[in-house]
Amino acid sequence: MISINSIKNDFFGGVTAAVVALPLALAFGVASGAGATAGLYGAIILGFFASLFGGTSTQISGPTGPMTVVTATAIATFQNDFESVITVIFLAGIIQISFGVIKIGKWIKYIPYPVISGFMCGIGVIIIILQINPFIGVDSYGSVIRTIVEIPNSFKLASSDSIVLATITLIIMFFTPKSISKYIPSALIALVVVTYFAISMKYNVPTIGEIPMGLPDFKIPTSFELLHLNSIITLAITLALLGSIDTLLTSLVADSMTKTNHKPNQELIAQGIGNSLCSLVGAIPGAGATMRTVINIKSGGKTRLSGMVHALTLLVIVLFLAPLASKIPLSVLSGILIKVGFDILDYKFLKIINKVSRVDLLIMLTVFLLTIFVDLIMAVGVGITFASIVAVYKVSKRTRMQTSHVNKKFDFDINLDNRDIEILEIDGSLFFGTASILDRKIDKIKPQTKFVILNCLKVHFLDISAIFMIEEIINKLKNNDIEVVLLLKHSQKRKVLKVDSNNIFSNSKIFSNIDDAVNSIQKNEYER
C-alpha cells in the first residue's frame, strides 16, 4: 500500500538522483559524440520506462560508462550516418527484450569475477584516456590508440584556460569533503562553480553549445547501408550484452542494500523497451547506474516511482534551464568524466591483485588489455572462454576413475575367475572434459578380461560427449570379445536411452547396483 510518507521518500530520492544524473548525462552525451542533448534524453527516456516496467524497484537507469564507450564506437564507425547509429541502438533494445523473454537474465551472474573486473577496469581506463584531449582543450578522437599516439601533437595545441578549468574540476571531484558531498554531489558543485568561474573570467574555451528547448523530434530508423549490416549487428549485440550485465550487476547491489530480490528477466525487458525508445529520439542508450541507484536508495527511494521522478525532474531541467547548460565548458565535463573513470576501476580486485591466483590474474589482465586495445565484446568473450577452460580443467582433475575386480564368491559352479570381471568406477563428472580420460582407461584393460562393469553410479553429471564415448567403448570392447555391463542411475538410464539412435544401449545390460550386474554375468556364464 502506497502511503504519503512513501511518496515523499520516493520524491526526494528521485530528485536527488536527478541532481547527480544531470552532469553525468551531459558528460556522457558529449563523450559519445552524439551531443549533450542526446545524453539528457537518454537519461530521461530510459530512466522513466526502465522504472515503469522494470524488475528492480529502486534502480535508476541512464547513460553509463560502458554504454557510452560502445555508442562512441558506433558513431565513429558510421561517420555522417546517424541512421545506422540509431539502428544499432534500436536493435540493441530489441535484443535486450529477447534476452528477457527467453529468460537469460539468471545466467548473467555466472560470469567469472576476473572477467568483470578486467572489463570494468578497461572501461575506466578508456574513459580516462579519451578525456585527455577535452581536458587540454583539443578536439577529441574516438580511438584510444590514436589518442595515445597523438598526445605529443595534442599538447602542442593545448589551451591553458581549459587545463585550468579541468584541473579545478578534478580537485573539486576528488577532494570535496564527504560531509558536503553527502548533501550536494561533487559533480554538481564542480559543474556550477567552475562554469560560473569560466564565465566570470571570460575564458575562451569550447562549451557544450546550444541545447534545444522542448521535446525532441522522432527519428525512426528507416534505412541503412546493407554493407554496414555486419557492423550494425555486432555493435547492437555488444550494447545489449554490456547493458544487460551492467544493469543486473547494479540490481544485485540494490538487492543487497534493500534486502529485496529483483526480477532479472523483467528488468531486461524494461531496459530493452527504454533503449529502443531512446533510439527513436536520437538519444544515447544506457543501463542501470550503480552510483545513482545507491544515492536514490540512501535518499529514501523505495519504489519504481523514484526512478520516474528522477526522469521527470531531468525533463523539467531540459525544458526550462537548457540555455544555462549550453554554457558549460567541455573541459569541466572532462574533469567529471575522468573522476567517473577512476570510480569505475575495480579497487576490490586491485587491492588483492598480488594475492590472487596466477590464472585469475591472467584472465583479468587479458580482458583488461583486450577491452582497451581491441574490442569490448571480444574481451568478454575471450575472458569467459578462458575462464571456462580453466573451470573444465579443474573439474576434470577432480573426477576419479579407478579399476578393481569383483570381490565376492560365485554362487554357481562355473569356470569363471574373479579376474575375468573388471570394474571401472567413475566418481565425479563425466563430460567432454573427462570423456577422453575414460577412453584411455579402457585402453589399459587386460586382453584376458571377459567382462567390464562400467560403474557410473557416482557420476553426478553426464553430457552427450560422454554418452557418445561410452557408445564407442561398447563397440570397441565388443570387437575384442569383451562384454560391457553398465551401472547407471535411473535418470542417467533415461538420458542415454533417449539418444540411443543405434540401439547400442538398448542391447546392452544396464543395472542400478553392482550385485545385480555380477549375478547377471554369473548366470549368463552358467547358462552357457
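**Reading two helix pairs**

Tutor: Helix α4 (residues 82–101) packs against helix α13 (residues 264–279) at an angle of about 165°, with the axes 7 Å apart. Helices here are DSSP runs of H or I, at least four residues, numbered from the N terminus. Axes are lines fitted to C-alpha atoms over the stretch in contact, and angles run from 0 to 180 degrees between N-to-C directions. The model is predicted: local features need pLDDT of at least 70, side-chain atom pairs count only at pLDDT 80 or more, and totals for chains, interfaces and linings use all residues. Residues are numbered from 1 along each chain as its sequence is written, and side-chain values use heavy atoms, leaving out hydrogens and water.

Student: Which residues of α4 and α13 make the contact?
Tutor: Among them are I86, F90 and I97 of α4 and L268, G272 and N275 of α13, with contact meaning heavy atoms within 4.5 Å.

Student: At what angle do α1 and α15 pack?
Tutor: Helix α1 (residues 4–32) and helix α15 (residues 304–325) pack at about 50°, axes 7 Å apart. They are therefore oblique to each other, and α1 and α15 cross in a right-handed way. Their contact includes F11 and A18 of α1 and V309 and L314 of α15.

Notes:
Angles under 35 degrees count as roughly parallel, over 145 as roughly antiparallel, 65 to 115 as roughly perpendicular and the rest as oblique. A crossing is left-handed if the near helix is turned anticlockwise from the far one by less than a right angle, and right-handed if clockwise.
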